[in-house]
Amino acid sequence: MKLQIAWLGLLIAAAPLSAQAQPWKFDEPVTVTKTHNKKIFHHLESAGRHNIAVSADTIAVAWEDNRDGTPRIYLARKARSSREFSQEVKISGKGDAFEPSLIALDNHQFALAWEEDARIHARLVTPAKLGPVIILGERDAMQASLASHDQQLLLVYSRRDGRFGRIWMQAIEIDGQTLHPKHGCAVDADPAQDEQLYPAVVSLADRIIVAWEDRRPGHTIIMTAQNSDLKSCRFNSPQRISEGSSRSNPTYGKGHGVARVALAQYGTGQVLAAWADKRDFREGYDIYSANYRPGNKQLFGPNLKVQDSFGGIAQQWHTTVAGDPSGRLVVGWDDKRDGDANIMLSWREDDGWSDDVAVPGADGTGEQNHPTISLDREGNLHLAWIERTTVNGPTRLRYLFGQAIK
Amino acid sequence: MRAILLLVTSLLTLQVMAEPPHGYPFLPFDKAMQQARIENKPLFVYFGRYGCGYCEKTNKEAFSDKQVHAAYTKHYILAYVDSESGKRVRLPSGEQVTEREVGTRYNAFVTPVFTFLTADGQPLLRLVGVQRIVDLRQADSKVQQLLTKASKP
């Protein structure tokens, strides 16, 4: 016990050093939508946690809330120089809508995909108008996540195929403000052996990488597959990313849990996968990551814990990850190590992951959770999250800008 | 014939790994909340996870007890939450969230976690990790005492 206290003391003493070295200077937070009251619940959720994106100097945030009694998707935008977000626009239709995935395209344009009445919907948003909605055919489809490649959207989602959800990739051509579904395929060519859920996708110059939750071994693991022949829709045989636990119980159960993988591209052709992982089962979920290794037989490398040693005294939730072309890479999540739920960040340094830092303005009393992050081309950090003053109480949607320190 | 047997065995194995104990009328969280209010009975919420070894151990070694079964099916509305699932439930506030989010809010950071709640959702008692028969019996006694005490003027 004395040793633990001494170790904690040492960590506390070291903490200010890391805070001084953080690579962003944060503005004051702003509220994304003025529509909030005690019966409205905003949700920042999506497969891959893509709920914020930046195109040129336009920042966009997509979320779901129930302001009119039905969960619907909304989008708010602001210019970087503006202190306020514009009046939000309704993106979804008449049905119950959930989990919008948002990506930036060129020239202040964005694309969204979401689940509505158990079908996947998608549309473009330009500065002037909303493009028409496309609805992909099959029912029992959910958990959409987007990337783009040339003039195409790459949409991955889980759709019911017999007893199980199966990860599907749909290519969608962008034609002005209109979307046209093109080829699609199951990411794993073999029939699903168990549930395949919550996919994420990134597009590199010459390949597409998909990762998802997969329950085939009798517990949840993170799997990946890549397509390196973009003229076809064929992925290689899936591989496992998340490693097994050395503490697995030989008598009962099949293995530890993992949840909600997120992918980010950074540098030139580099990709990070990050997810919540319960291999150290006494501590609850921790944030783990693995790097894509192009040219290797095993697509992703060894698993590394992202959070610092303080993370062991709290549980981590809602993993989000972002990268930029210069090679910056940052992982965000929320945890309660300081008593209240706060937004935490850790970024890639030369020798691994930085100490964890609570984001100023997204910490303190009340709950700050469900972060979603993006890095723009200059490495500036854009963060949106959910704020609650009481547990299960009404929500506010918040945004914070972090100026990159050169 | 052998193939059919293998299929049946594998399906049964999957059920054991993913689900609450057999023979208990567990409901989804929102349905259980509704039922608890209708019957004015406390809730017993089982936060499990697909492939959870300690859930399976507790199912086999503690929930299999006849007295535990009798007490828990009589005294509580039973709810099961897969704390990694994306299935949606509607909370009494009208908010719709995934089962994973329910697990997050009730701090189901390990599995199993068992939470006793009043009919209006107030926490009474929480058990974390593997439970033995005696643990479940003692927890039931404690919750019943708490409820009796609370009902006295």
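Helices (H or I, at least four residues) and strands (E, at least two) here are DSSP runs, numbered from the N terminus. This is a predicted model, where local features need pLDDT of at least 70 and side-chain atom pairs count only at pLDDT 80 or more, while totals for chains, interfaces and linings use all residues. Residues are numbered from 1 along each chain as its sequence is written, chains are lettered from A and ligands numbered from 1 in the order in which they are written, and side-chain values use heavy atoms, leaving out hydrogens and water.

**Stop one: an arginine in chain A.** Select Arg388(A), which sits in strand S29 (residues 381-388) of chain A. Is Arg388(A) buried or exposed? Its relative accessible area is 4%, so Arg388(A) is buried (buried means under 20%, exposed over 50%, partly exposed in between, using a 1.4 Å probe and protein chains only). Now show Glu95(B): its side chain makes a polar contact of 2.9 Å with that of Arg388(A). Such a contact is a pair of N or O atoms within 3.5 Å; within protein, one must be able to donate a hydrogen and the other to accept it, and residues adjacent in sequence count only if both atoms are side-chain atoms. Leaving aside residues up to four places away in sequence, Arg388(A) also touches others, including Phe41(A), Pro394(A) and Arg105(B) (contact means heavy atoms within 4.5 Å).

Pick S7 (residues 97-104) of chain A: 7 of its 8 residues are buried, so the strand is largely enclosed by the rest of the structure. Leu102(A) has Leu112(A) as its bridge partner. The two strands form a hairpin with 5 residues between them, and Asn107(A) in the turn has a positive phi of about 55°.

**Stop three: a sheet in chain B.** Here 4 strands form an open sheet with mixed pairing, in the order S2-S1-S5-S6. S2 (77-82) and S6 (123-128) of chain B are at the edges with a single partner strand each, so one side of each has no neighbour in the sheet. Zoom in on S1 (residues 43-48) of chain B, which runs parallel to S2(B), with 6 bridges joining them. Tyr46(B) stands opposite Tyr80(B) in S2(B).

Notes
Pairing = 2+ DSSP bridges.
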